[in-house]
Amino acid sequence: MKTIQNSLVLLFLLFLSLSAQAQSTYKVKGLITSNEESVPFAQVKVRSIADSSIVKFGLSDSLGIFNVVGVPNGSYFLEISSVGLQKYYSENFEVAGANVDMGEIEMVINADLNVVEVVKIRPIVEVHPDKMVFNVDNTLNATGSNGFDLLRKAPGVIIDNNNNILLEGKSGVQVYIDHKPSQLAGEDLVNYLKSMQASDIDNIEIITQPSSKYDAAGNAGIINIILKRDKNLGTNGTVTGGYEYGIGKEGEGLNHRYNGSVSFNNRTKKTNLYGSYNTRQGKHRVFLLFDRRQNDYRYDSRSYITSLLNNHSSRLGFDWLLNEKHTVGILASGNFFNAGSVSDTRTYIGPENSDPVQILTADNITDGRNIQGSGNINYRFADTLGHELTADADYAYFDRQASSYQPNVYMDTAGNTLYENNYRIVTPTQISIISGKVDYSQYAWGGQISFGGKYSLVNTKNNFRFYEVFDGQDSLYSDRSNDFNYNETIGAAYVNYAKKFGMKWNLQLGLRYEHTFAKGDLITTQGTSTDTVDLVYGQLFPSGGLTYTPSMKHMWSLTFSRRITRPNYQTLNPFQTQLDELSYRQGNPTLQPSYSNNVRVSHTFKFRFTTALSYSYVQNYFAQVTDTLGYAQNFMQTRNVADEQTITLTASLPFQITKWWSLFINLSGYHTSYISKDEKFIAVDRFTGNAFASNTFLLPAGFKLEVSGWFNSPSIWGGTYLVSSMGSVNMAVEKKFLKDRLSVRVFANDIFFTSYWRADLQYGSLFIDGSGGWESRKVGINLSYNFGNNEMKKIKDRKTGLEEEKKRTGGEGEGSGGRQ
């Protein structure tokens, strides 16, 4: 704690020194209008009277306001330009020890230009120097998907056989929701993402090299899921409803699913009230096939799991603009989903090279429910001098109740019962999270400096009760029943500096410090402590980036970062979760965090085509492995098994082939290798390729067609599974009615049912041939109706010729500013 306090004191002293330093240069501000409307994203050049050279450059914001900072004392004039308007030159003015307000500047429409109505259509994928943005609302093939399935369609993202999320071939992805890290992990995170609907998601940001402002968690980077928030004035909203039908591998019909949602937004010039509710109902089927060879015996297991979908989620938020500088907001969200499932498992047992002699049936019945609630209070201060302060306080609570009944019946090949062992397992879990953070930024030393701190406290309570069932009566098995309580405290502080050098160079440097206190106690039902996790560690995480733009056609960037992946709470939990009597999953309280060092070089051509080469080295890489116990049992456990090296080459290629046909292609290839730290871990190397493509066709009569797909070549999952190639082809068509208020989408996903996985594993003397999949092949229909005021003020929606240049300048970086 003392280290954290010292760091915050240093940051406070730095703030005081910067406040004094910031006044060495001054600001030129004003409002640009035309025909009584604001002019957004106009170029503003501050030129010297002496030689007309450009001293500073900026852009007006979405409200037409410009704030050009860093202007020294001297004599100047302004040159302002915007597409469709005549160039404006101001009168001469002086900067003499004070900021200059140019007031309202009226620009004149260029009468020589033909009036053209420009329809603004966001591309499905946008590529920025620091991230890739997957615009969910613009892809028809997202229709009917939940949040987790949607990630399978995102460029560069892979979901492995254990539902782990991989990014550019690397594990350790940190998931954010609306710029806030999700504290859920593992199965809890998967269930939460499955409860989200694609219709509530605006876009997904894929950030492979986060700056020091972000938490250091996530070796592979960050996936930031941005939920929809309407920016129109007045009251408006959307109502959606959908139906889908799963189709099996052999063409057989499986399960029906339904979804619906409603969202609303009431925005005035001072306030914004918004909320949403969505539900998802039906059933979902998964199959898992494992052919295991152990100690000269073969265990051929075939599981079919049907889960009940009964998901409900909602959120309600309110923002209040107190004045031009101060904004406060509050947000509450809740989520409920049913965790019930029924599994049908058959394991055929016999000598490795002979026919089975026994059959084990384990038809599990699981009942349960998950409830999650969270609240946020936030404050933002921003003035016209570039000072910005934000503060957030968050609380979240997660409650999971689960009970499973598992009969294990052994039969001979004729179907006669030999004997049986029946169990009931009850596993409630409660997680509470408290966090607070403060971020501050301002212009200083010719650039922008930002710093802040964060403090989070997580408390996890897990109960595990294992019962043997005799004649329908439960008998507690004390030796296999425990409580596990885990507490984790993380304090963090960071500083980040960004500066432009002329019009071609941009530099960003950051440093983050995180200190972790973690303690977990395993307590028996008799109240004695048998195992303790006690970790205290602190680390520095540097990051930085250098961007060079020699011309309007080329942009080069070099970025680096150091990051950490901490084990999730359930992974540390030493409980045994039994799949059947021969297979179980167990946590590992001795698991250590892994650290990655990452460097990336990228090139962007014409602000459209991007290629990148990256290298990552992960220390203490951990993965879920399958090991043996005794003669017939096997178990899964996460362990630190190796150091991992990954080299990745990616290319993002958008094409506008014709006026009615656009194409986006994302290609990536990576080589992964391991340096083993576990004698049973067999290190393997493999080259892997990944491709994503999306075609959009604007057809006659207002129809829109989208054909997309992804492909993964043979790869490695978790350092142990050698996975065969897999992919998916998706198709959707859309037609709008009622003045574009009603949208009807019909879709078909994984048309050829090629997204199921197949993999081989060797760990010590254990060999497994496995495969699995879900109802990825499905057809469905979705209807969406927009109500209320859909006319956004023109100052919010004007399309200019500087859209790409605006992105390149970094929005509100040096030379621009604005209000929200």
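**A tour around strand 29**

Strand 29 and strand 30 (residues 473-476) pair in the antiparallel sense, with four bridges between them. This is a predicted model. Select V469 next: D474 of strand 30 stands opposite V469. Now move to the turn. Strand 29 and strand 30 form a hairpin with two residues between the strands. Pick D471 there; its phi is positive, near 50°.

Next, select residues 447-470, which make up strand 29, together with residues 417-426, which make up strand 27. The two run antiparallel and are joined by four bridges.

Go on to strand 28, residues 429-444. Strand 28 pairs with strand 29 in the antiparallel sense, over 16 bridges. Highlight G436 and Y455. Y455 lies in strand 29 and is the bridge partner of G436. Then follow strand 28 to the turn. Strand 28 and strand 29 form a hairpin, again with two residues between them. Select W445 in this turn: W445 has a positive phi of about 50°.

Last, select strand 31, residues 482-501. Show G452 and look across: Y494 of strand 31 stands opposite.

How values were computed
Residues are numbered from 1 along each chain as its sequence is written. This is a predicted model: local features need pLDDT of at least 70, side-chain atom pairs count only at pLDDT 80 or more; totals for chains, interfaces and linings use all residues. Side-chain values use heavy atoms; hydrogens and water are left out. Two strands pair if DSSP finds at least two bridges between them.
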